[in-house]
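Welcome! Try each task before reading its solution.

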Amino acid sequence: MAGLRKSYGDVHAVAGVDLTIAPGEVVALLGPNGAGKSTTVDMLLGLTRPDTGAVTVFGASPHDAVANGTIGAMLQGGALLDDATVGETIAMVASLHRSPMPVAEALGRSGIEDLANRRCNKLSGGQKQRVRFAVALVSDPDLLVLDEPTAAMDVQSRREFWKSMHGFTSTGRTVLFATHYLEEAENYADRVVLMRAGRIVADGSVAEVTSLVSGRVIRAAVPGATEAALAMLPGVTEVNVRTTRAEISTSDSDATLRALLATYPQAHDIEVTAMGLEGAFLSLTSEGADRS
Amino acid sequence: MSVTYLLLEARRAMRNGRFLIFSIAFPVLLFLLYVGIFAKGDKAVIGILMVNMTAFGALSAALFAGGRVALERSLGWQRQLRLTPLSGSGYLAAKGITGMLLALPSVILVPVVGAVVEGVSLDAAGWLRVTIGIWLAVIPFALIGLLIGQVGTPDSMQPIMSLTMMTMSMLGGIFIPIDGMPSWLLNIAHVLPSYWLGQVGRGAVTSELSVNLGQAVLVLAIWTAAVGLGVVRRYRRDSARV
């Protein structure tokens, strides 16, 4: 993807995205709502034409990649026909592709063999997601694109979903998934791409993205302390006090902690943690954040 | 285009109770009922009623198939299909052919009931006209259904379809046979494709008020071309917008 831009009226949904994904990579696309993830995915799939820029998928246009079955996609809230059974739906989609995987295999990989004869309107939210996964999978694609794949799933089905995903990626296939769940990006992606306001603000392994935001968080019960007072401590970047519990973000946790204990000897239950992907996510994608 | 896709479309329709009742059972029942009330043994009237009810069943089934496009659009099913090798023209062709497939039961059932139960007798060419002839003449209706499905929403589908169906069958000489129409109404009927659809079959059962088959075919062909163009243009606009 090179120089992608797409505007809807005055809204610049995607304002210059350059992204190259190597075969075999599992990439998580992260960002708050309205960051341009879905628009980027739509352009990758050829559903939306970029205003400027170009998308190439395995050397072909998105349209050709779709026609060849090299790209499979699971859309956010993708449609299923209420009056068709799961088996019929998958078999129909398979019949449209030139070299699909056997229908039984797609059902098996998605963990829905037992639902083959069920009508799509009799499925739970999590089951529907797995049917959509099977729809994306049945063309036996080299690149799988998933937009919020585990939305509407409970913890159990989410875990099962990622297990079947893992079965797919271990065969060397490329996956790009957009998600709200940072934990999923942390656990399953080789690479994390963070978007904000239509641009990529961070791109790298989970460790790399996390390290972009240096700093730690100190949590402690500090009786008698006010936000204003704590903000005066050395290294502090942000303070949150709820009742007596303070959450202090700092660029130099050692200095902050020494000063904290000197000023408030009664502080207790102290925890010092790295920011993690969530902290990086928040600090890199918040409205005021500068482009790094 | 894929046969599996067509079969799934047809199977889905067969699961739809409203479709089975209104487009398959209804025309047959209405035919028997009307013959009992109006025909009084007059073979010509029975023939006309048979043609009209065949046409009614076929056109309502063809319209119905297209109307389902509205639901599929709102669901995002078209978007889903755009992620398969099925092309836009393939999708539209499949929908049109589905409409034609769904029209088949009426085109077979009503004439069979006419022949077996009501004793209508025609020569081979006549039977061909009231079955295959009416079936082919329903092509513009499959397209009209598609166009309505592309323009409307699932909520508006019921009233729009009912209105279309009523206009076509009441004013086009299907429910009110043209024999009983005042001349001003007959003039209106000429504007509607359903009038010409009826004429395709009518010539086989009576020479009264019948027009030349070639003329009916020509008018229906013009309808097909015009509505077909509308469908293609609408689809292009629709898919460019997503």
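Predicted model: local features only at pLDDT ≥ 70, side-chain atom pairs only at ≥ 80, totals over all residues.

**Exercise 1.** Work out how helix 2 (residues 17-39) of chain B and helix 3 (residues 43-75) of chain B are arranged relative to each other.

*Solution.* 
- Step 1: Two packed helices are described by the angle and the distance between their axes.
- Step 2: Here the axes come within 9 Å and cross at roughly 165 degrees.
- Step 3: Angles over 145 degrees count as roughly antiparallel, and helix 2 and helix 3 of chain B are therefore roughly antiparallel to each other.
- Step 4: The crossing of these two helices is right-handed.
- Step 5: Among the residues that make the contact are Phe19(B), Phe22(B) and Leu30(B) from helix 2, and Leu49(B), Met53(B) and Phe64(B) from helix 3.
- Step 6: Sorted by class, the contact residues are 18 nonpolar, four polar and no charged.

**Exercise 2.** Describe the side of chain A that touches chain B.

*Solution.* 
- Step 1: In this pairing, 22 residues of chain A are in contact with 18 residues of chain B.
- Step 2: On the chain A side, helix 2 (62-68) and helix 3 (86-96) are the elements giving two or more residues.
- Step 3: Helix 3 of chain A provides the largest share, six residues.
- Step 4: By class, this side has 13 nonpolar, six polar and three charged residues.

**Exercise 3.** Find how strand 11 (residues 236-242) and strand 12 (residues 245-250) of chain A are joined.

*Solution.* 
- Step 1: The two strands run antiparallel, with six bridges joining them.
- Step 2: For Val239(A), the bridge partner in strand 12 is Ile248(A).
- Step 3: Two residues lie between the strands, which form a hairpin.
- Step 4: In the turn, Thr243(A) has a positive phi of about 45 degrees.

Note on methods: Residues numbered from 1 in each chain as written. Chains lettered and ligands numbered in written order. Axes fitted to C-alpha atoms, helices over the stretch in contact; angles between N-to-C directions. Helix = DSSP H or I, 4+ residues; strand = E, 2+ residues; numbered from the N terminus. Parallel < 35°, antiparallel > 145°, perpendicular 65-115°, else oblique. Left-handed = near helix turned anticlockwise from the far one by under 90°. Contact = placed C-beta atoms within 7 Å. Nonpolar A, V, L, I, M, F, W, Y, C, P; charged D, E, K, R; others polar. Pairing = 2+ DSSP bridges.
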